[in-house]
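Please open the structure in your viewer and keep the selection tool at hand.

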Amino acid sequence: MSRFYEVKDRMGTRSVKWDMAEKLFKSKEVLPMWVADMDFQAPQAVIDALRERAGHGIFGYTLTDELIGGNIYDWVKSRYNWTIDTNWITYSPGVVPSLHMMVQALTEKGDNLLIQTPVYPPFYKVVEQHERNIIKNELIYRENRYEIDFVDFENQIKKNDVKAFILCNPHNPVGRVWTEEELKKMADICLKHNVLIFSDEIHADLVLPGYNHTPIASLSEDINQKTITCLSPTKTFNLAGLQASYVITADKKLKKKMDDKFLAQGMNMLNTMGITALEAAYQHGAEWLEELLGIIKENKDYALKHLNATGKIEVVEPEGTYLLWLDCKKTGLAHEDLKTFMQETAKVGLNDGASFGKEGEGFMRMNIACPKATLEEGVDRIVKALKEL
Ligand SMILES: Cc1ncc(COP(=O)(O)O)c(C=O)c1O
């Protein structure tokens with residue numbers, strides 16, 4: 001049996017997804033399918049490397065040396081055909097911390113930053129917490145699919161003198177893997193109006209068959225000089241608790257500003273176990289990842305088939321990520337009632353669509369990175385509850 005079918009009890013491991021669920025959803029019976037981590041064990045090579053490192057027993061300050069940079073170089077080259085220079089790398093405990101750093105280091109108080117909504121909730125926070133302003137380029141939702149409104153994208157930038165654009169690619173929660181053409185169009189507008197691109201590509205490896213991830217910075221040297229890219233093995237290999245990620249900045253001046261900001265915050269080192277896991281995952285995790293992507297596709301197909309058949313939920317078909325964006329408007333429920341319905345009647349713990357922006361009202365987000373038995377249980381709970389609605 002594939003290791004991806006094994007249901008491992010995560011309760012009692014201080015799991016945010018599982019151990020916080022009762023408090024958040026106000027019931028012990030709710031099946032957690034919310035926060036974006038997976039109910040799968042990391043690749044065996046990662047577990048073995050961590051065990052071996054733990055066995056050494058000394059956990060002093062640890063270097064992110066050229067070998068670690070080499071692992072990243074190889075991964076980025078082999079997965080996205082992007083040739084980086086290891087001098088462009090800044091290590092960071094997480095992509096959200098990196099976004100906070102970028103906003104502080106590369107924009108000024110009062111600046112306007114563009115995001116494409118609905119979007120991952122911290123995008124709002126990393127802007128507003130530092131007294132910058134959100135400018136929205138709302139995605140177009142048409143025939144159950146999201147697209148970019150390029151005219152509005154440029155208008156918003158011009159009208160508001162936007163200084164930076166925070167791109168989410170692949171996009172959480174709408175599941176688009178932006179095409180080269182779409183990325184090029186956005187990048188050209190950014191170059192034309194001197195807008196920096198902060199590109200959150202944490203879901204880059206989680207792309208479904210038939211789609212390809214393109215780092216926006218890889219499109220041209222000009223775009224590369226204007227882009228700061230966040231990548232990480234933590235979403236890909238389920239290592240979020242180990243906190244090891246990195247930022248790629250080709251432009252020397254921007255990189256220095258970023259590095260100075262990281263230093264000023266005392267953030268110049270990763271934790272030992274995070275480094276160990278990153279190295280093992282990038283060296284030995286490719287086969288595990290292929291298997292994972294097959295499982296995500298199976299789960300996605302199951303959820304789509306059964307949820308769409310209810311006639312009340314329309315799943316936005318994802319091209320990437322393991323997050324399903326459920327259009328629940330045909331339930332006829334007001335948003336607050338929809339949340340209560342999912343929590344109290346269906347007894348599934350989903351993310352509130354409205355937390356991604358007002359465009360997310362009538363939507364819920366469902367995490368399908370779990371063993372098939374868990375996925376089927378969650379989907380079946382919703383299907384049964386909808387029958388009685
Ligand atoms: C788009 C996006 N960025 C960042 C993160 C979190 O990154 P980190 O845990 O490295 O801060 C997530 C997690 O779900 C995400 O979906």
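The tour begins at the ligand and then turns to salt bridges. Please bear in mind throughout that the model is predicted.

**Stop 1: the surroundings of the ligand**

Select the ligand together with A36, G94, V95, V96, P97, Y120, C168, N172, D200, I202, H203 and K235, which are the residues around it. Which helix supplies the largest share of the shell? It is helix α5, covering residues 95-106, which contributes 3 residues.

**Stop 2: polar atoms facing the ligand**

Begin with V96, where a backbone N or O atom lies 3.0 Å from an oxygen atom of the ligand. Proceed to N172: a polar atom of its side chain is 2.8 Å from a ligand oxygen atom. Then select D200, whose side chain has an N or O atom 2.5 Å from a nitrogen atom of the ligand. Now show the surface of the ligand: taken alone, the ligand exposes 400 Å², and the protein buries 87% of that.

**Stop 3: a network of salt bridges**

How many salt bridges does a search of the whole structure find? The search finds 28. Select R142, R145, E147, R176, E182 and E319, which salt bridges link into a network. Within this selection, focus on R142 and E147, whose side chains meet in a salt bridge with an N to O distance of 3.4 Å. R142 counts as partly exposed because its relative accessibility is 47%, and E147 is likewise partly exposed, at 28%.

**Stop 4: K300 and D301**

Select K300 and D301, which form a salt bridge whose closest N and O atoms are 3.2 Å apart. Is K300 buried or exposed? K300 has a relative accessibility of 6%; the limit for a buried residue is under 20%, so K300 counts as buried.

**Stop 5: K358 and E359**

Finally, select K358 and E359, where the side chains meet in a salt bridge of 3.9 Å, N to O. K358 is exposed, with a relative accessible area of 54%, whereas E359 counts as buried, at 16% relative accessibility.

How values were computed:
Residues numbered from 1 in each chain as written. Predicted model: local features only at pLDDT ≥ 70, side-chain atom pairs only at ≥ 80, totals over all residues. Heavy atoms only, no water. Salt bridge = Lys/Arg side-chain N within 4 Å of Asp/Glu carboxyl O. Buried < 20%, exposed > 50% of the residue type's maximum accessible area, 1.4 Å probe, protein only. Near = heavy atom within 4 Å. Polar contact = N/O pair within 3.5 Å; in protein donor to acceptor, adjacent residues only side chain to side chain. Areas by Shrake-Rupley, 256 points an atom, 1.4 Å probe, with all protein chains shown as cover. Helix = DSSP H or I, 4+ residues; strand = E, 2+ residues; numbered from the N terminus.
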